[in-house]
Amino acid sequence: MDLSGFKPQDSPSRKRRIAKLDFGFSEEQEMLRDAAKRFLADNCPTKFVRQMMADPTGHDAAFWKKLVELGWPGLLIPESYGGQGGSFLDMTVIVEEAGKALVPGPFFTSALLAAPLLIEGGSDQQKKDLLPRMAKGEFIGTVAIAEAAGRFDADGIQLKATKSGNEYTITGEKFFVPDAHVANGMAVAVRTGGSGEKGITILAMNAKAPGITITQLKTVDMTRRLCHVKFDNLKTSELVGKEGEGWPILRRTLDIATAGLAAEMVGTAQRALDMSVDYAKTRVQFGKPIGSFQAVKHKCVDMMVAVENARSLTYYACWTVDTKGAEAATAVPMAKAYASDMAKNVTSEAIQVHGGIGFTWEHDMHLFHRRALAGEANFGNAPVHRETVAKSLLG
């Protein structure tokens with residue numbers, strides 16, 4: 001059946017419906033994407049990424065200063081506190097491009113974890129004191145949630161804090177704390193009573209305070225450092241939010257960070273796909289480019305379809321986060337679950353398109369696979385998020 005000449009009737013009601021549909025980013029956001037792409041091409045090649053992998057801290061002050069000049073660490077911070085006052089969709093295009101470049105250092109941690117937590121739950125005084133410094137890059141924050149089990153849900157928070165007067169005392173451990181070794185401040189999720197989502201409190205402290213021991217962990221992706229943090233009779237009286245009411249703040253913060261991570265993974269997989277297609281066009285075997293063989297064609301097409309599916313799910317999830325819609329409760333875990341599997345599989349297939357040379361240290365492809373594997377585990381893996389969706393659908 002030939003439908004090329006078919007045109008739907010333009011009724012007034014149909015025109016109204018179409019006017020409400022906008023599946024793309026704004027012109028300003030696309031300009032932001034182009035600017036990010038140019039900046040990262042000039043300032044974050046894989047040679048620099050490898051240098052940061054070998055660096056003791058994985059954090060370069062000169063590169064951080066450039067990010068601050070662009071306004072990225074303060075993109076989500078309101079203008080009244082010295083930030084850019086951007087939307088989460090603005091941040092989405094930034095982190096997707098950052099995923100393509102494997103941006104190292106604490107940018108993601110400070111901009112998509114610490115800043116949102118302070119914006120959502122901080123007091124007026126905390127915001128006045130810290131948000132302008134975060135926007136200027138003078139203060140790097142991090143958030144300690146996971147423990148030995150590696151869970152990012154409410155039941156996974158078991159570290160207890162005891163209260164005496166207005167002071168809380170913590171003795172115990174947190175695991176997989178991002179960039180704690182270069183952070184100036186730390187927000188720690190603890191349990192002050194109750195179970196599940198009740199009784200969770202967020203305590204704020206100087207990351208260099210006596211009683212805190214920070215040890216970097218050896219992970220699959222050394223461009224983004226995770227730390228083990230040990231608290232030995234640490235005392236603090238500063239809270240983010242109210243005692244026992246920290247989970248809604250953490251839930252919103254995790255929605256932002258998880259959706260952002262899904263967008264970053266889409267970018268990482270897209271870069272791996274682009275590199276594979278370019279290689280298939282130029283690598284000659286039996287007198288022909290390997291991209292002319294059906295097996296390679298099919299593999300690249302399957303990779304492309306997976307990336308596009310993940311992009312659609314992720315953009316929708318980011319939109320629900322940006323609008324604070326109720327759909328975020330299922331859209332974010334759906335996007336993270338799909339993006340986790342997608343990025344791991346696409347970067348693995350990209351290594352195969354490269355004839356296995358992507359496994360070698362000298363080739364860059366393994367860097368993208370490492371970032372995908374790290375992203376899969378962070379903020380909960382695919383089975384965890386599928387279980388979240390299932391529970392939500394079942395009520």
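**Close-up views of a predicted model**

**View 1. Val-305, a partly exposed residue on a helix.** Val-305 comes out as partly exposed because its relative accessible area is 38%, and that value falls between the 20% and 50% cut-offs. As for where to look, Val-305 sits in helix α9, which covers residues 294-322.

View 2. The protein chain has an average pLDDT of 92, and 94% of the residues score at least 70. Residues 1-21 are another story, with pLDDT staying under 50. For that stretch, the model has three contacts beyond four places in sequence.

**View 3. Phe-25 and Tyr-315, an edge-to-face pair.** The structure holds eight aromatic pairs, and here is one of them. The ring centres of Phe-25 and Tyr-315 are 4.9 Å apart and the planes meet at 85 degrees, so this pair counts as edge-to-face. Phe-25 is in the loop between α1 (12-20) and α2 (27-43), while Tyr-315 is in helix α9, so the pair ties together parts that lie 290 residues apart in sequence. Buried or exposed, what is Phe-25? Phe-25 counts as buried, at 18% relative accessibility. Tyr-315, at 21%, counts as partly exposed, because buried means under 20%.

**View 4. Trp-72 and Phe-107, a tilted pair.** With ring centres 5.9 Å apart and planes at 50 degrees, Trp-72 and Phe-107 make a tilted pair. This pair links distant parts of the chain: Trp-72 belongs to the loop between α4 and α5, Phe-107 to helix α6 (residues 107-121), and 35 residues separate them. Trp-72 is buried, with a relative accessible area of 4%, and Phe-107 is buried too, at 2%. Which residues do ring pairs link into a cluster? Trp-72 and Phe-107 are joined there by Phe-39, Phe-48 and Phe-63.

**View 5. Ser-80, out in a loop.** Look for Ser-80 in the loop between α4 (61-70) and α5 (88-101). Ser-80 counts as exposed because its relative accessibility is 64%, and the cut-off for exposed is over 50%. How far apart are the C-alpha atoms of Ser-80 and Phe-293? They are separated by 57 Å, and the two residues are 213 residues apart along the chain.

Methods. Residues are numbered from 1 along each chain as its sequence is written. This is a predicted model: local features need pLDDT of at least 70, side-chain atom pairs count only at pLDDT 80 or more; totals for chains, interfaces and linings use all residues. Side-chain values use heavy atoms; hydrogens and water are left out. Helices (H or I, at least four residues) and strands (E, at least two) are DSSP runs, numbered from the N terminus. Buried means under 20% relative accessible area, exposed over 50%, partly exposed in between (1.4 Å probe, protein chains only). pLDDT is the predictor's confidence in each residue, from 0 to 100. Contact means heavy atoms within 4.5 Å. Rings of Phe, Tyr and Trp (its six-membered ring) pair if their centres lie within 6.5 Å; planes under 30 degrees apart count as stacked, over 60 as edge-to-face and the rest as tilted.
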